[in-house]
Amino acid sequence: MKPEIVVWLVRDTCRLSDNPALQYASKMAKSGGAQLVPLACLEPRRWADKQFGLPRVGEHWARFRTECLQSLRNDLSTRGCGLWISAEEPVRALIRARQAFRVCTVISDAPLGTEERLETERIQAEGFQCEVVNTDELFRFEQLSFDLVGLPATFSKFRRIVEKKPGISPDPPQSIPKLTPSFDQPWPDPIEWIEPLGNQISPEIEVPTRGGEASALEHWKAYLDSRALSHYKLTRNALCGPTQSSHLSAWLSHGCISVRQVWYDILDYERREGANESTYWLRFELLWREFFHWYSRACDWTLFRRRGPNDKDAGGDHNRQRFAIWSKGDTGCDIVDAAMRELNQTGWMSNRARQLVASHLVYESNLDWRLGAAYFESQLVDFDVASNWGNWAYIAGVGADPRGGRIFNLNDQADRYDPDQIYRRRWLQ
Ligand SMILES: Cc1cc2nc3c(=O)[nH]c(=O)nc-3n(C[C@H](O)[C@H](O)[C@H](O)COP(=O)(O)OP(=O)(O)OC[C@H]3O[C@@H](n4cnc5c(N)ncnc54)[C@H](O)[C@@H]3O)c2cc1C
């Protein structure tokens, strides 16, 4: 008789607390008398493939994800549980697991993009019972008053629906389930450990981010303790500064911190320190993220096509020289060049800077917007398929922007957001 296992397939949710997929998998394992097996895959489609000649995984993201998995493995091991890591696509890893175990169920975080959805379908087609659970959204699908086909076409409409009275409330965060210690039977051919991949944290980065649940919670607590949240709306558009915005994005994107936890902590902060427009505005930005998560699922593959979800011509070509100039930060437009150099060296740039460089790529470098999205994918430490491709499509005018795209006057923006040239001098020296 093969031992029975329930697999918790870790995709982009690298944490134990408030993790509905882990909760569900652990409950299934306990009720069926099976062993819970956490499994993470370094999928070749993501880790080894290229798009438009660019790597899908860059050094900043790889470094952060590796730290997340190491941290998750430590957190599991303190509870007597292992984390199996495979360098294969999940379906291949599961087929191999079937040689040694009876795989009762596979539970995973719900896919955001087309590739992850197809991956789930491939697992199911191999005869595995595979269920997906929302782990990194504020709302469960059942809480929304629309289905994906009826998803409001713009953020404003989406926000009005979820905020209307009585609004929808995110479920309160859940605690870590009690895990039963793993048995000793090894996974066939496991990768026993993963060496740190990619570079160390760039010394240039303003807010050093290390992957993992503990460092996410530590950073978030320090941000709340600093009381910067009380003036977030006034500073969030700044190009630099350690507390001008929350700097939570990498931890949210790799699922190290639960967005519902962040939401409830903001409500708690409002009770203690007082609510104002700024404290609301961070929740407003989390709703943008939420919108893009559902939007990405609703648009499916159309989010990645040249004409975007709106099936509109955005112009632009694939000229290699113009692309190299833009991506290296050699355009001659100093605000864009500074931002691209910050991105290349650190894997991060502010939201304002992202909008400016995207506007330049589409409307001044006249390149296909997808080259910009793919370049961000390969560079950002906080890459999130929904937020990245959704924002790029928005700026290019083929996505959710009711105004049909955003063209920024880059000189005006530089004067407004970098009046003393502090940011530009820092990155262009
Ligand atoms: C072209 C472009 C590409 C982007 N790509 C990504 C990406 O791959 N991953 C990513 O997390 N964000 C992306 N963003 C959104 C945004 O720029 C970053 O989330 C933000 O700059 C991260 O800094 P922060 O955590 O300090 O944000 P804060 O201002 O503190 O906001 C808090 C959180 O809200 C969410 N958020 C804020 N603004 C947005 C937004 N416009 N869209 C979606 N979520 C938002 C993020 O999770 C962020 O961490 C992109 C924006 C643009 C214009």
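The chat below goes through the domains, the sheet, a helix pair and the ligand surroundings of a predicted model.

User: What kind of model is this, experimental or predicted?
Analyst: This is a predicted model.

User: OK. Which domains does the chain have?
Analyst: The domain assignment gives domain 1, residues 4-135, and domain 2, residues 302-428.

User: How many Å separate their centres?
Analyst: The centres of domain 1 and domain 2, taken over C-alpha atoms, are separated by 32 Å.

User: And how many residues are in contact between the two domains?
Analyst: On the domain 1 side there are 12 residues, and they are in contact with 14 residues of domain 2.

User: Which elements of domain 1 supply that side?
Analyst: β4 (54-55) and α3 (59-77) each supply at least two of the residues that touch domain 2. The largest share comes from α3, with 3 residues.

User: What classes of residue are on that side of domain 1?
Analyst: The side of domain 1 that touches domain 2 has 6 nonpolar, 5 polar and 1 charged residues.

User: Switching to the sheet. What is the strand order?
Analyst: The order is β5-β2-β1-β6-β7. These 5 strands form an open sheet, and the pairing is parallel.

User: Which ones are the edge strands?
Analyst: β5 (84-86) and β7 (130-133) are the edge strands, and each pairs on one side only.

User: What about twist, how many degrees from one strand to the next?
Analyst: The twist averages 30 degrees from one strand to the next.

User: Let's take β1. Which strands are joined to it, and over how many bridges?
Analyst: β1 (residues 4-10) pairs with β2 (residues 35-41) over 6 bridges, in the parallel sense. In that pair, Val6 stands opposite Leu36 of β2. Another 6 bridges join β1 to β6 (residues 102-109), and those two strands also run parallel. Here Ile5 has Val103 in β6 as its bridge partner.

User: How many bridges join β6 to β7?
Analyst: There are 4 bridges between β6 and β7, which run parallel.

User: New topic, helices. At what angle do α13 and α14 cross?
Analyst: The axes of α13 (residues 334-346) and α14 cross at roughly 115 degrees and come within 9 Å. The crossing is left-handed.

User: Which residues meet there?
Analyst: From α13 they are Ile335, Val336, Ala339 and Met340. Those meet Ala353, Leu356, Val357 and His360 of α14. By class, the contact has 7 nonpolar residues, 1 polar and no charged.

User: Last one, the ligand. Which residues come nearest?
Analyst: Ser245, Ser246, Ser249, Asn388 and Asn391 come nearest, out of the 29 residues around the ligand.

User: And which helices supply the shell around the ligand?
Analyst: At least two residues each come from α9 (249-253), α11 (277-299), α14 (351-364) and α16 (385-396). The largest share, 6 residues, is from α11.

User: How does the shell divide by class, nonpolar, polar and charged?
Analyst: The shell around the ligand has 12 nonpolar, 11 polar and 6 charged residues.

How values were computed: Residues numbered from 1 in each chain as written. Predicted model: local features only at pLDDT ≥ 70, side-chain atom pairs only at ≥ 80, totals over all residues. Domains from an automatic or database assignment. Contact = placed C-beta atoms within 7 Å. Nonpolar A, V, L, I, M, F, W, Y, C, P; charged D, E, K, R; others polar. Near = placed C-beta within 6 Å. Axes fitted to C-alpha atoms, helices over the stretch in contact; angles between N-to-C directions. Left-handed = near helix turned anticlockwise from the far one by under 90°. Pairing = 2+ DSSP bridges.
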